[in-house]
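These are my notebook entries on a structure that I am reading for the first time. I set down what I looked up, entry by entry.

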Amino acid sequence: FSMKVINTTQSVKVPEDIVITQKARVVTVTNTKTGKTLTRAFNSRPVDIKIANGHVNVVVWMGNKKQITLVRTVCSHIKNMITGVTTGFQYNMRMVYAYFPINTAISEN
């Protein structure tokens with residue numbers, strides 16, 4: 001038997017150049033300067049997402065331990081989306097082999 005917490009809330013501050021919209025747990029983050037847009041669906045997560053006063057509030061009502069952990073996870077995803085539309089991400093790939101050499105060919109893009 002596990003106890004349920006009545007309400008768990010966490011918020012993410014929205015920077016000035018970022019516009020965040022939310023409808024039916026689908027969050028869209030848009031940068032007004034560059035025009036970059038990222039969209040992510042949180043349909044399978046039992047969270048309430050509300051946008052007010054320059055903050056995105058993520059709330060879980062009557063959640064057990066696993067549902068409460070989703071609050072921080074969803075907030076982290078939204079923070080990463082904000083980072084993605086402002087500065088972007090760069091992935092560096094390193095080719096390593098232990099015994100047999102690997103032949104690679106780099107194509108465009």
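Entry 1: terms and model.
I began with the term that I needed for exposure: a residue is buried when its relative accessible area is under 20%, exposed when it is over 50%, and partly exposed in between. I note also that this is a predicted model.

Entry 2: the salt bridge.
I looked up how many salt bridges the structure holds, and the count is one. It joins the side chains of K33 and D17, with 3.4 Å from N to O. The two residues belong to distant parts of the chain, 16 residues apart: K33 is in the loop between strand 3 and strand 4, and D17 is in the loop between strand 1 and strand 2. I recorded the exposure of each partner.

I next traced an open sheet of three strands, whose order is 2-3-4 and whose pairing is antiparallel. Its edge strands are strand 2 and strand 4 (37-41), each of which pairs on one side only. On average, neighbouring strands in this sheet are turned by 15° against each other, direction ignored. Strand 3 and strand 4 run antiparallel and are joined by five bridges. I looked up V27 as an example and found R40 in strand 4 as its bridge partner. Helix 1 packs on this sheet and touches strand 2, strand 3 and strand 4; the direction of the helix makes about 160° with that of strand 4.

I then followed strand 5 (residues 48-52), which pairs with strand 6 in the antiparallel sense over five bridges. Two pairs went into my notes: I49 has V58 of strand 6 as its bridge partner, and I51 has V56 of strand 6. Strand 5 and strand 6 form a hairpin with two residues between them, and N53 in the turn has a positive phi of about 55°.

Entry 3: T8.
I then asked which residues T8 is in contact with, leaving aside its neighbours within four places in sequence. They are V58, V59, V60, I68 and V71.

Entry 4: positive phi values.
I kept in mind that most residues other than glycine have a negative phi. A24, which is not a glycine, has a positive phi of about 55°. I located A24 in the loop between strand 2 (18-23) and strand 3 (26-31). A24 is exposed, with a relative accessible area of 59%. M62 is a further entry on this topic, with a positive phi near 50° in a residue other than glycine. M62 is found in strand 6 (residues 55-63). I noted M62 as partly exposed, since its relative accessible area is 46%.

Entry 5: a nonpolar surface patch.
Which residues make the nonpolar surface patch of about 480 Å²? I listed M93, M95, Y97 and I102. I placed Y97 in the segment after helix 1 (65-86). With a relative accessibility of 49%, Y97 counts as partly exposed.

Key:
Residues numbered from 1 in each chain as written. Predicted model: local features only at pLDDT ≥ 70, side-chain atom pairs only at ≥ 80, totals over all residues. Heavy atoms only, no water. Helix = DSSP H or I, 4+ residues; strand = E, 2+ residues; numbered from the N terminus. Buried < 20%, exposed > 50% of the residue type's maximum accessible area, 1.4 Å probe, protein only. Patch = residues over 30% accessible without salt bridge, like charges linked within 9 Å, V, L, I, M, F, W, Y side chains within 5 Å. Areas by Shrake-Rupley, 256 points an atom, 1.4 Å probe, with all protein chains shown as cover. Salt bridge = Lys/Arg side-chain N within 4 Å of Asp/Glu carboxyl O. Pairing = 2+ DSSP bridges. Contact = heavy atoms within 4.5 Å. Axes fitted to C-alpha atoms, helices over the stretch in contact; angles between N-to-C directions.
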